[in-house]
Amino acid sequence: MQGTPENQRHRTIRSFVRRAGRLTPSQQRALRELWPAYGVDVGTDFIDFETLFGRRAAVTLEIGFGNGDTFVRQARGDPGMDFLGIEVHEPGVGHCLLQAHEASVSNLKVIKHDALEVLAKQIPPTSLRRVNVYFPDPWPKKRHHKRRMIQPAFLALIHTRLEADGTLHIATDWKNYAEHIDEVFEHSDLFDCDERREHAGDTPLDRPTTKFERRGLRKGHRIWDWRFRKTTHNQ
């Protein structure tokens, strides 16, 4: 899987920009002192989730957890499931580690790296029960639409990593991105849409409200939520 041309194409266009952010002293300390408890180093071998978490349980992967507040809340609220989060921005990772430590959660781990590379190289096939992509960078300018994470190649990769009947959950507050997401899934037979919900921030679909969602609502945006289920008829 790691060396296929399809996976190499994931690296040609990045869906994020590494924003320069100042680490607070507490975030720096968290990255140094709490990483051994919560961090997963970048590598080229598939992760053994049973060894990583010390038990056998369903795994949720969250891509781009921001500052980690809602990610930690989900892990704390569902102790029977294990949670792996991927984020590239160090201040957000540091904040997440602090929140996880304060909440004393033991079912949460984080990776500080590009999510597509982690998916291709470190996440085993059919190992995930659920994948969350909440409020990814919308890249609103037309010339940047190719940078959007939700693309056919991304769906194909996620499909291989989800277990049978696994689910992909997406949310955005950008109308144009919502239209893009609808179009991408309309032309894919890898997922069936369980539910699509448009709302004013009052009925999120099986998830907490996020910081980016609140920011969008303050701008007068609507919210779109989807739950897609992996199909197996084409395998």
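Modeller: A salt bridge is counted here when a side-chain nitrogen of Lys or Arg lies within 4 Å of a carboxyl oxygen of Asp or Glu. The structure is a predicted model, in which local features need pLDDT of at least 70 and side-chain atom pairs count only at pLDDT 80 or more, while totals for chains, interfaces and linings use all residues. Residues are numbered from 1 along each chain as its sequence is written, and side-chain values use heavy atoms, with hydrogens and water left out.

Side chains of opposite charge can pair when their charged atoms come close. A search of the whole structure finds 16 salt bridges. One of them joins Arg55 and Asp82, with 2.5 Å from N to O. This pair links distant parts of the chain, 27 residues apart: Arg55 is in the loop between α4 (49-53) and β1 (59-63), and Asp82 is in strand β2 (residues 82-86). Helices (H or I, at least four residues) and strands (E, at least two) are DSSP runs, numbered from the N terminus. For accessibility, buried means under 20% relative accessible area, exposed over 50%, and partly exposed in between, with a 1.4 Å probe and protein chains only. On that scale Asp82 is buried, at 2%, whereas Arg55 is partly exposed, at 30%.

Glu50 and Arg56 form another salt bridge, with their closest N and O atoms 3.3 Å apart. Here Glu50 is partly exposed, with a relative accessible area of 39%, and Arg56 is exposed, at 73%.

A further salt bridge connects Arg229 with Asp165, the closest N and O atoms being 3.4 Å apart. Because Arg229 lies in strand β7 (residues 223-230) and Asp165 in strand β5 (residues 162-172), the pair ties together parts that are 64 residues apart in sequence. Both partners are partly exposed, Arg229 with 24% relative accessibility and Asp165 with a relative accessible area of 46%. The two also belong to a network of salt bridges that links Asp165, Asp194, Glu195, Arg197, Arg227 and Arg229.

Asp165 deserves attention for its backbone as well. Most residues other than glycine have a negative phi. Asp165 has a positive phi of about 70°, although it is not a glycine. Phe135 likewise is not a glycine and has a positive phi, of about 55°. Phe135 lies in the loop between β4 (128-134) and α8 (152-161), and it is buried, with a relative accessible area of 8%.

Leaving aside residues up to four places away in sequence, Asn132 touches Thr60, Leu61, Glu62, Ile63, Gln74 and His169, where contact means heavy atoms within 4.5 Å.

The buried residues of α6 are Pro91, Gly92, Val93, Gly94, Cys96, Leu97, Ala100 and Ala103, and they pack against α2 (25-33), α3 (35-38), α5 (69-77) and β3 (108-111). Ser104 follows α6 and has a positive phi, near 55°. Cys96 has a relative accessible area of 0%, whereas Cys193 is partly exposed, at 43%. The search of the whole structure finds 0 disulfides, a disulfide being a pair of cysteine sulfur atoms within 2.5 Å.

For the chain as a whole, there are 10 helices and 7 strands. Buried residues make up 51% of the 235 residues. Of the contacts with a separation of 6 or more, residues 24 or more positions apart account for 81%.
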